[in-house]
Amino acid sequence: MKWNHRTIGQIFDDLVRSSGLFRKIRVFELNKDWEEIVGEPIANHSSIVDFTDGTLIIRVDDGMWLNEMKLRENIFLERMNSVIGVEAIKRIRFRIGR
């Protein structure tokens, strides 16, 4: 019998590509890299609150930060999907609140 030796990371990456649950877990893991993805000023005023069917919901403190994030939305989409390793996030929706 031939053994296929794979790391836990490789197995998890395969699950992210094929399973919605694992993809959702991977998206929520973006919170730990949030400052790197969006930059410190924006990270201090925003956070990920939900992810369903390819739509990421981000909470922002107020309209000013919402506008700032909307201006950079495509950049953030590229960065987040790059970190995840698969194009999981199709669109971003923003909500104002604390």
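Two strands are taken as paired if DSSP finds at least two bridges between them, and the strands themselves, like the helices, are DSSP runs numbered from the N terminus (E, at least two residues, for strands; H or I, at least four, for helices). The structure described here is a predicted model, in which local features need pLDDT of at least 70 and side-chain atom pairs count only at pLDDT 80 or more, while totals for chains, interfaces and linings use all residues. Residues are numbered from 1 along each chain as its sequence is written, and side-chain values use heavy atoms, with hydrogens and water left out.

The secondary structure comes to six helices and three strands, arranged along the sequence in the pattern α-α-α-α-β-β-α-α-β. Of the 98 residues in the chain, 37% are buried, where buried means under 20% relative accessible area, exposed means over 50%, and partly exposed lies in between (1.4 Å probe, protein chains only).

Strand S1 (residues 46–52) and S2 run antiparallel and are joined by six bridges, with serine 46 standing opposite valine 60 in S2. Two residues lie between the strands of this hairpin, and aspartate 53 takes a positive phi near 50° there. S2 is also joined by six bridges to strand S3 (residues 91–96), this time in parallel; arginine 93 of S3 is the bridge partner of isoleucine 57.

How many residues of strand S2 (residues 55–60) are buried? Six of its six residues are, so to speak, under cover by the definition of burial used here. In a regular strand the side chains alternate between the two faces of the sheet. In S2, Thr55, Ile57 and Arg59 are buried on one side, and Leu56, Ile58 and Val60 are buried on the other.

Isoleucine 96 lies in S3 and counts as exposed, because its relative accessible area is 55%. Leaving aside neighbours within four places in sequence, isoleucine 96 is in contact with Val60, Asp61, Asp62, Gly63 and Leu66.

Attention now turns to the nonpolar core, a set of buried Ala, Val, Leu, Ile, Met, Phe, Trp, Tyr and Cys residues joined through side-chain atoms within 4.5 Å. The largest such core has 24 residues, of which Met69, Met80 and Ile89 touch the most other members. Two or more residues each are given to this core by helix H3 (34–38), helix H4 (40–43), S1, S2, helix H5 (63–71), helix H6 (73–84) and S3. The largest share, four residues, comes from H6. Methionine 80 touches Leu30, Trp34, Ile37, Leu56, Ile89 and Ile92, with residues up to four places away in sequence not counted.

Helix H5 has Trp65, Leu66 and Met69 as its buried residues. Seen down the axis of H5, these fall within an arc of 105°, so they line one face of the helix; the arc is that of the directions from the helix axis to the C-beta atoms. On the other side of H5, Met64 and Leu71 are exposed. The buried residues of H5 pack against H3, H4, S1, S2, H6 and S3.

Finally, a search of the whole structure finds three salt bridges, each a side-chain nitrogen of Lys or Arg within 4 Å of a carboxyl oxygen of Asp or Glu. Arginine 59 and aspartate 61 meet in one of them (2.8 Å, N to O), and both of these residues are buried. Another joins arginine 72 to glutamate 68, with the closest N and O atoms 2.7 Å apart. Arginine 72 counts as partly exposed because its relative accessibility is 35%, and glutamate 68 counts as partly exposed at 27%. Lysine 90 forms a salt bridge with glutamate 87, the closest N and O atoms lying 3.8 Å apart. Here lysine 90 is partly exposed at 46% relative accessibility, whereas glutamate 87 is exposed, with a relative accessible area of 54%.

Terms used
Contact = heavy atoms within 4.5 Å.
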